[in-house]
Amino acid sequence: AGKQFIYSGGWNNNVQLHEKNTLLLAEELTDIFDKHNSRDVRIRDVSIDKNDNLWIASQKGLCIIDNKRRKWFPEGGFQLKDIADVNWINDSTAALLSAKGFHLMTIQKTPPYAWEKQFTELIKPSCIIFFSEKEYLAGTGTGLIYHNNDENIWLKPDDGLLSETIIDIHY
């Protein structure tokens, strides 16, 4: 096993890699969304697939940086869209959450073919846990949505949540 890293992103359009055992900065990927002439882009999520590619979700869309540090931007509905979360379902499919809905993206040998599953537009989406296309949880700035068999159930503080603002979900 090679070195393991901790990946972090923030408001500065950069992602930092720190060595797991020492926390020393090992690498910084800068100006990730420079293609969009964007500064101060908020990096919302960093995820790694089975091929050690970095998937970077941001206010300006989705960027994938391969293990040779080449970056590319998936075509379609993933450009210039605020992507809140990337959640790996299996070795080849990721669930993505944006203000316009829930997306499934499958990795192929060519840039990913994506298909979108649309559900209620969300205000301030933040995170998703995917169980199946019929069942998932999505956190937002206005509560938690539980989707089960084509029914959306909104949970809010009146239902026992501490806050309407859901930052992350772990199951």
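## Open sheet

Four antiparallel strands form an open sheet in the order S4-S5-S6-S7. Strands here are DSSP runs of E, at least two residues long, numbered from the N terminus. Two strands pair if DSSP finds at least two bridges between them. Strand S4 (43-48) and strand S7 (71-72) stand at the edges, each with a single partner strand, so one side of each has no neighbour in the sheet. S6 and S7 run antiparallel and are joined by two bridges. Ile 65 stands opposite Lys 71 in S7.

Strands of a sheet pair through backbone hydrogen bonds, parallel or antiparallel.

## Model and overall content

This is a predicted model: local features need pLDDT of at least 70, side-chain atom pairs count only at pLDDT 80 or more, and totals for chains, interfaces and linings use all residues. Residues are numbered from 1 along each chain as its sequence is written, and side-chain values use heavy atoms, with hydrogens and water left out.

The protein has zero helices and 15 strands. Helices would be DSSP runs of H or I with at least four residues. Of the 171 residues, 40% count as buried. Buried means under 20% relative accessible area, exposed means over 50%, and partly exposed lies in between (1.4 Å probe, protein chains only). The accessible surface comes to about 9800 Å², and 47% of it belongs to carbon and sulfur atoms. These areas come from the Shrake-Rupley method with a 1.4 Å probe; for residues, only the protein chains shown count as cover.

Contact means heavy atoms within 4.5 Å. Among contacts between residues at least 6 apart in sequence, 34% join residues at least 24 apart.

## Hairpin S8-S9

Strand S8 (residues 83-88) pairs with strand S9 (residues 93-98) in the antiparallel sense, over five bridges. A hairpin of four residues joins S8 to S9. Asn 87 stands opposite Ala 95 in S9.

## Nonpolar cores

A nonpolar core is a set of buried Ala, Val, Leu, Ile, Met, Phe, Trp, Tyr and Cys residues joined through side-chain atoms within 4.5 Å. The largest one has twelve residues: Val 15, Leu 17, Leu 29, Ile 32, Phe 33, Val 41, Ile 43, Leu 54, Ile 56, Cys 63, Ile 65 and Phe 73. Strand S2 (15-19), strand S5 (54-58) and strand S6 (61-65) each give two or more residues to this core. A second, separate core has ten residues, including Leu 104, Leu 122, Phe 130 and Ala 138.

Leu 29 belongs to the largest core. In soluble globular proteins, nonpolar side chains tend to be buried together.

## Salt bridges

A salt bridge is a side-chain nitrogen of Lys or Arg within 4 Å of a carboxyl oxygen of Asp or Glu. The count comes to two. Asp 82 forms one with Arg 44, with the closest N and O atoms 3.3 Å apart. Asp 82 lies in the loop between S7 and S8 and Arg 44 in strand S4, so the pair ties together parts 38 residues apart in sequence. Asp 82 is partly exposed at 26% relative accessibility. Arg 44 is also partly exposed, at 24%.

Asp 150 and Lys 134 meet in a salt bridge at 3.6 Å, N to O. This pair links distant parts of the chain, 16 residues apart. Asp 150 is in the loop between strand S14 (143-148) and strand S15 (151-155), and Lys 134 in the loop between strand S12 (125-132) and strand S13 (135-140). Asp 150 is exposed, with a relative accessible area of 56%. Lys 134 is partly exposed at 42%.
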